[in-house]
Amino acid sequence: MSRSAPTRPATGPARPEDERLPIGATFGYGFQHVLTMYGGIIAPPLIVGGAAGLTSAEIGTLIAASLFMGGLATILQTVGIPFFGSRLPLVQGVSFAGVSTMVAIVGGGGGIPAVLGAVLVASAIGFLIAPFFAQIIRFFPPVVTGVVITTIGLTLMPVAANWAMGGDAEAPDYGSVSNIGLAFGTFAIVILLSKVGSGVVSRLSILIAIVAGTLIALALGMADFSGVGEGPVFAFPTPFSFGAPTFEIAAIVSMLIVILVTLTETTADIIAVGEIVGTKVDRKRIADGLRADMASSVVSPVLGSFTQSAFAQNVGLVAITGVKSRFVVSAGGVILVVLGLLPVLGRVVAAVPTPVLGGAGVVLFGSVAASGIRTLAKVDYKNSMNLIIVAASISFGMVPIAKPDFYDQFPTWFGTIFHSGISSAALMAILLNILFNHIKAGTPENPSVFVKGTASKAVDDDQLDDLADDGVLNRSTRPRTAADERHDGAATT
C-alpha cells in the first residue's frame with residue numbers, strides 16, 4: 001500500500017522580491033516609482049541637449065529615448081533572463097554620473113554623435129569586465145565614490161545657475177530679475193513642499209514645483225508651448241536619429257571612467273536593496289545585475305540615449321513603502337516604455353521655462369552633492385591620508401569648473417578628459433587612494449601633517465560638564481548631556 005505524500009500548507013514566495021500583488025496595486029506602486037525618479041531621468045537629456053544646442057523638438061526626442069530605454073533596462077533588471085538581471089526591485093535610468101563628462105565631450109566639438117560613440121564603446125568594455133568587477137571594486141572605496149558623487153553635484157551647479165538666468169546668454173532678458181525671481185519661486189516651492197507632512201508630496205516636491213513654476217510662468221507670459229504640437233504624438237525611437245556615432249579616444253577614456261563609477265554605484269545599490277528586501281545577494285547576482293546595466297547601456301546610444309544605472313532614490317522608496325516585489329518595479333518599467341513612445345511628452349518637458357528648471361535644479365543637483373557628502377561621512381579619517389585624498393581630488397575636480405579655460409592650451413585629447421570635473425576628480429581620487437592606501441612601502445606611521453588635522457574638534461560631554469562646574473557655562477541653558485545624567489545619578493546615589 002503506497003503512502004501518499006503529505007500535503008503542505010500554501011506558502012508565499014520563497015523570496016520576498018518574488019511576491020505578486022493585485023494588478024491594480026502593482027501598477028499603482030509602479031507609477032509611484034516612476035514619479036519618484038522622473039525628474040532625475042529627464043535632467044541628463046535636458047542638460048546634454050542644451051549644451052549641444054539642440055532644438056526643443058530634438059531635446060524632446062532625447063527625453064523620449066531616455067524614458068523608453070530606462071523602461072526596457074528596468075524590465076531586464078527586474079524580470080531577468082539567464083546571465084542578465086539581478087531580479088531585484090531596481091529602477092534603471094540615465095545615470096547622472098556621466099552628465100558633466102558628456103557636456104565636456106559636446107564642448108570639445110564632437111557633438112551628440114561623439115557622446116553616443118563614447119557611451120557605446122565604454123559600455124561594451126564595462127560589459128566585458130562586469131563579471132570580474134568584484135576583483136577591482138576594492139579600488140573604489142567610499143573615499144573614492146564619495147568624492148566622485150560629490151563632484152558630480154558640484155559640477156552641475158553652473159548648469160542650474162545658467163538655467164536660472166534664462167539659459168541663453170545672448171537673450172536680452174538673460175540674468176533678469178524676472179528670470180531669477182521665477183527660479184527662486186520654484187526653489188521656494190520645492191523647499192516648502194519638502195516640509196509638508198505627507199511623504200508622497202515631499203518625495204514629489206521637485207516634480208510638483210516644476211509644474212507650479214510653469215503655471216506661474218504661463219500666467220506671467222514667460223512660457224511658450226507653441227512648439228509642443230510640432231511632431232508626432234506617438235513614435236517609436238528611431239535608431240541613430242542623431243546620426244552615426246563617432247569614436248574619439250579621449251571621449252571614450254573619459255566615459256570609461258564614468259562606467260567604472262557607474263558599476264560601483266550599481267553594485268552598492270544591488271547590495272543595499274538586497275539588505276532592504278531581506279534576500280540573499282551573492283557575487284553571481286551582482287554580476288548578472290551589472291551585465292544587465294552594461295547591456296542596456298550598449299543598446300542605449302543606438303536609440304539616442306545614454307548610460308543606464310540603478311536609481312538610488314528608488315532604493316530608498318522600497319525602504320519607505322515596504323513594498324519589496326520586483327514585479328511592482330517591472331510595472332514601472334512598462335510605464336516608462338509607454339511614456340517613451342509619446343515624444344509629445346518630451347516636447348512638453350523641453351518647453352518648460354529654463355528658470356523653472358534652474359530653481360528645481362539647485363535642489364536636485366545639490367541633493368546629488370549631499371549624497372556624496374553622506375558617503376564621505378563613512379570614511380575613516382583618523383590616522384590616515386583619506387583627508388588629503390578628499391581635499392586634493394575635489395579641488396582638482398573643481399579647477400575646470402572655476403576656470404573653464406584652464407586646459408585650453410593643452411592637446412585636445414587631454415582637454416576632453418580633464419575639462420570634465422568628474423573625470424578629473426575620479427582620476428585623482430583613484431590614483432591617490434592607490435598611492436596612500438594600497439602602496440604601503442615607504443609610508444611612515446604619520447606620513448603628513450594632514451593626519452594631525454583629522455582628529456575630532458568637538459568638545460565632549462565631560463569637558464562641557466567641567467566648564468559648567470567651573471561656572472563658565474550655565475548648566476540650565478545648555479542641552480543636557482550624557483555627563484549630566486551620570487552627574488545626577490551619582491548625586492542621587
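Axes here are lines fitted to C-alpha atoms, for helices over the stretch in contact, and the angles between their N-to-C directions run from 0 to 180 degrees. Keep in mind throughout that this is a predicted model.

**View 1. Helix 5 against helix 15.** Here helix 5 (residues 142-155) meets helix 15 (residues 354-376), with axes that come within 7 Å and cross at roughly 165 degrees. Angles over 145 degrees count as roughly antiparallel, so that is the label for helix 5 relative to helix 15. The crossing is left-handed. On the helix 5 side, look for Pro 142, Val 143, Thr 145, Gly 146, Val 147, Ile 149, Thr 150, Ile 152, Gly 153 and Leu 154. Helix 15 answers with Phe 365, Val 368, Ala 369, Ser 371, Gly 372, Ile 373, Thr 375 and Leu 376. Sort the residues of this contact by type and you get 11 nonpolar, 7 polar and no charged.

**View 2. Helix 5 again, now with helix 16.** The axes of helix 5 and helix 16 come within 10 Å and cross at roughly 30 degrees. That angle makes helix 5 roughly parallel to helix 16, and the crossing is right-handed. Helix 5 brings Val 143, Val 147, Thr 150, Thr 151, Leu 154 and Thr 155 to the contact. From helix 16 come Asn 386, Ile 389, Val 390, Ser 393, Ile 394, Gly 397, Met 398 and Ile 401. By type, the residues of the contact of helix 5 with helix 16 split into 8 nonpolar, 6 polar and no charged.

**View 3. Helix 6 on helix 15.** Helix 6 (residues 157-165) also packs with helix 15: their axes come within 7 Å and cross at roughly 155 degrees. Helix 6 is therefore roughly antiparallel to helix 15, and it passes helix 15 in a left-handed crossing. Met 157, Val 159, Ala 160, Trp 163 and Ala 164 of helix 6 make the contact. Their partners in helix 15 are Thr 354, Pro 355, Leu 357, Gly 358, Gly 361, Val 362, Phe 365 and Gly 366. The tally for the contact of helix 6 with helix 15 is 9 nonpolar, 4 polar and no charged.

View 4. The structure holds 10 aromatic pairs. In one of them, the rings of Phe 396 and Phe 418 have centres 6.1 Å apart and planes at 80 degrees, so the pair is edge-to-face. Phe 396 sits in helix 16 (residues 386-402) and Phe 418 in helix 17 (residues 412-418), 22 residues apart, so to speak a link between distant parts of the chain. Phe 396 has 25% relative accessibility and counts as partly exposed, whereas Phe 418, at 13%, counts as buried. Tyr 407 and Phe 410 make another edge-to-face pair, 5.5 Å centre to centre with 75 degrees between the planes. Of these two, Tyr 407 counts as buried at 5% relative accessibility, and Phe 410 counts as partly exposed at 40%. Put together with Phe 406 and Phe 414, the residues Phe 396, Tyr 407, Phe 410 and Phe 418 form one aromatic cluster.

**View 5. Arg 326 and its neighbours.** Arg 326 is found in helix 13 (residues 326-340). With 9% relative accessibility, Arg 326 counts as buried. Leaving aside residues up to four places away in sequence, Arg 326 touches Arg 15, Glu 17, Asp 18, Thr 78, Val 79, Arg 87, Leu 88 and Pro 89. One of these neighbours, Arg 87, comes up again in the next view.

**View 6. Two loop residues with positive phi.** Most residues other than glycine have a negative phi. Arg 87 has a phi near 55 degrees, a positive value, and lies in the loop between helix 2 (56-79) and strand 1 (92-94). Arg 87 counts as partly exposed at 23% relative accessibility. Phe 240 has a positive phi too, about 55 degrees. Look for Phe 240 in the loop between helix 9 (205-219) and helix 10 (249-277); at 37% relative accessibility, Phe 240 counts as partly exposed.

**View 7. Zooming out to the chain.** The secondary structure comes to 21 helices and 2 strands. Of the 493 residues in the chain, 48% are buried. Among contacts between residues at least 6 apart in sequence, 80% join residues at least 24 apart.

Terms used. Residues are numbered from 1 along each chain as its sequence is written. This is a predicted model: local features need pLDDT of at least 70, side-chain atom pairs count only at pLDDT 80 or more; totals for chains, interfaces and linings use all residues. Side-chain values use heavy atoms; hydrogens and water are left out. Helices (H or I, at least four residues) and strands (E, at least two) are DSSP runs, numbered from the N terminus. Angles under 35 degrees count as roughly parallel, over 145 as roughly antiparallel, 65 to 115 as roughly perpendicular and the rest as oblique. A crossing is left-handed if the near helix is turned anticlockwise from the far one by less than a right angle, and right-handed if clockwise. Contact means heavy atoms within 4.5 Å. Ala, Val, Leu, Ile, Met, Phe, Trp, Tyr, Cys and Pro count as nonpolar, Asp, Glu, Lys and Arg as charged, and the others, Gly among them, as polar. Rings of Phe, Tyr and Trp (its six-membered ring) pair if their centres lie within 6.5 Å; planes under 30 degrees apart count as stacked, over 60 as edge-to-face and the rest as tilted. Buried means under 20% relative accessible area, exposed over 50%, partly exposed in between (1.4 Å probe, protein chains only).
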